[in-house]
Amino acid sequence: MSLVFPRPNSNAVHGKKDKRLMAEVNASPLKHFVTAKKKINGIFEQLGAYIKESAAFLEETYKNEELDPVTTEEQVQEVRGYLAKVAGIGEVLARRHMKVVFFGRTSNGKSSVINAMLCDKVLPSGIGHTTNCFLRVEGTDGSEAFLLTEGSEERKNIKTVNQLAHALHQDEDLDAGSLVCVMWPKAKCALLRDDLVLLDSPGIDVTTELDTWIDKFCLDADVFVLVANSESTLMQTEKSFFHKVNERLSSPNIFILNNRWDASASEPEYMDEVRRQHMDRCTNFLVEELGVVDRAQASDRIFFVSAKEVLQARVQKAQGMPEAGGALAEGFQARMFEFQNFERRFEECISQSAVKTKFEQHTVRAKQISEALRRIMDSVHVAAQEQRNYCLLTKEDRQNRLEFLDKQLDLLTMDCKCKIKKITEEVEKQVSNAMAEEIRKLHVLVDDFHLDFHPSLVVLKVYKNELHRHIEEGLGKNMSERCSTSITSALQATQTDMIEGLKPLLPSAVREQVDKLVPRQCFSLSYDLACDKLCSDFQEDISFHFSLGWTMLVNRFLGPKNTRRALMGYNDQVPRTLALTPVSTSMPPFPQSSVTQEELMVSMVTGLASLTSRTSMGVLVVGGVIWKAVGWRLIALSVGLYGLLYVYERLTWTTKAKERAFKRQFVDYASEKLQLIVSYTGSNCSHQVQQELAGVFAQLCQQVDVTRQNLEDEISDMNSKIEQLDGLQSKAKLLRNKAGWLDSELNMFTQQYLHHSK
């Protein structure tokens, strides 16, 4: 990912900007401070915006409940603290300026030196206008000058120096330790345009509160200017004051101006000697006593000037008159040049010193903050990377589990289908065989049925209903004893196999509760035979039938169906109704080749019956033939026996005989009907087993589906987390690189302004 920062635009732009800045610095050493202040303020604005962005990012990340913590509350609070600190530093930097304090004994010309430097009569000076308090001179963007007294925001307008002097002396509340701000228009004074503040002081020989002055006005000063009187020498009062300053501040920048050097023009023969004496004493004071410079640097800190002459010359020049005009002492140009040299050295010193004292500490603090933020962002980036790797591994694991689950579920589904198919086929076969066996033993079950029997229709109806219920219960009980135990055992074994097969696909917590989640009810087969409906059209025939009667003989030889066909062909008006129920259904079917013989027999008997029914003559002919063949005795005996047999059968045709005939007919009929539903009953039972197993398997699959859905939800959750972590990583990396860029900007500032200042 490409990171775009404000810095890397082009070398050409930076080259032009640096040239412009260097041109400004070359124009005035004070511009060095101005450009440095502008640069450091810009860096702190960017640092503040960066910290604000970082704080918002960390707070949002910390409050993100979807992700595991990648940052801590301490880090969030730490960055918030940096935001407040940088804002405070920014406000301080915006108010920063270079400050020079002028000290000296009363009437040594401190105010005159300040006026000369400002090229205008800003402060009152001269006889009767001795400074009675601290005067702070700084620029204002307005066009009017005004005063601000300590502890008050009231602006006092001043138009002339005399008004300023009058205002200062008329204020009875001002003492030597008071501060009055003189806000002078920048348009009237070039020196005030470069963030320079000049502080004039009362004479250090008029008070004993030197320590208070130092604490109140000197601790933030960049340069101290000791204005001495060249007509005398350095006094102990002046030395004592600066010894105190040197104790409070580390190596203060001190300049010594031997003012009123124009007086030496009256005694030119002693000028060099006096100058040397002053130089030696001042050098010893700076080098030996204070130790603020070495001897090589001391010559750049001691100057011999005439502030009054310089002020007069500059005021005349501003008014368009020659600088050297008026009553000026001999050697003015040399003294003018030395004052200008002082100003140059002073500006170089104060700009470099102010940059160092005002910005170095804040620059170091900014580097510490940027480095701390870089470490925080780096830790967030690393934590997000670790969490992302964990999410990727978790996602891969869930995907592998999901793929394994799908494959195993497909295999288990096929295996369970095979098991269900196998057991249903076995159940169908077992039930069919058991039912066929029970049908063959149906007569035993029917014989076990006991109820009062009577051939009346009402009793027969009740008898049939009870018999149906007895058959239903008996067959169901016998089938259950034959099949239910083994089928239930096989069913439970298959269910156990399915559960054990699907258990590995379920989470460990669900495996222990699978018996609760998939309840297995007590299974029992239902053999719904519906005998009452199956045998509802059963019609019994319990009327008497002689065993050697014509109908019974034909029935014995041809069977019930062919008998009806033969007799109906013989005579449509049969004297009695034959039972619709076949006498025996256990006879094997005739082969296809015997159908023709049956039809031939039926046609022969039908023809014979038709022949004998056409005429009684036929009967006589047949009887005569038999008579001639066997004789009358045998015929009489046969008729007698036939009659006796008829009488016997008629007498033995009791209610019990009728009940036995009824049961026999019912067994034959019910067996035939039950044979029709053997396959249906087997299929029905196998379907029940299949439904039971399919239900258990469906419940297991439902639990697997829940597991599968949980895996898919986890994968989706991991994808969402990975996406968030990718964005979080990118943002953390961007902020980390921004911290590195700010650190490089601070290093450039240090190299360009702070190291250069050294």
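This report describes the central sheet and the aromatic contacts of a predicted model.

## The sheet and its order

Nine strands make up an open sheet of mixed pairing, and their order across it is β4-β3-β5-β2-β6-β1-β7-β8-β9. The edges are formed by β4 (156-157) and β9 (302-304), each of which pairs on one side only.

Within this order, β2 (residues 134-140) and β5 (residues 179-185) run parallel and are joined by seven bridges, with T140 standing opposite P185 of β5. Helix α4 (residues 110-118) lies across β1 (98-103), β2, β6 (196-200), β7 (223-229) and β8 (253-259), and runs at about 160° to β6.

## Strand β8 and its neighbours

Strand β8 is paired in the parallel sense with β7 over seven bridges, and V225 has F255 of β8 as its bridge partner. Together with helix α7 (residues 236-248), β7 and β8 make a right-handed β-α-β unit. The pairing of β8 with β9 is also parallel, over three bridges, and here N258 stands opposite F304 of β9.

In a regular strand, side chains alternate between the two faces of the sheet.

## Aromatic pairs and a cluster

The structure holds 21 aromatic pairs. One of them is F33 with F359, whose ring centres are 5.2 Å apart and whose planes meet at 15°, so the pair is stacked. This pair links distant parts of the chain, with F33 in helix α2 (residues 30-63) and F359 in helix α11 (residues 332-440), 326 residues apart. F33 is buried, at a relative accessible area of 0%, and F359 is buried at 0% as well.

The pair of F749 and Y753 is tilted, with 5.0 Å from centre to centre and 35° between the planes. Both residues lie in helix α23 (residues 678-757), four residues apart, which is about one turn of the helix. F749 is buried with a relative accessible area of 0%, and Y753 is buried with 4%.

A single aromatic cluster is formed by F103, F134, F217, F224, F241 and F242. Elsewhere, the charged end of K188 sits over the ring of W184, 5.6 Å from the ring centre.

Conventions. Residues numbered from 1 in each chain as written. Predicted model: local features only at pLDDT ≥ 70, side-chain atom pairs only at ≥ 80, totals over all residues. Heavy atoms only, no water. Pairing = 2+ DSSP bridges. Helix = DSSP H or I, 4+ residues; strand = E, 2+ residues; numbered from the N terminus. Contact = heavy atoms within 4.5 Å. Axes fitted to C-alpha atoms, helices over the stretch in contact; angles between N-to-C directions. Right-handed = clockwise from strand over helix to strand, strands pointing away. Phe/Tyr/Trp six-rings, centres within 6.5 Å; stacked < 30°, edge-to-face > 60°. Buried < 20%, exposed > 50% of the residue type's maximum accessible area, 1.4 Å probe, protein only. Lys NZ or Arg CZ within 6 Å of the ring centre and 35° of its normal.
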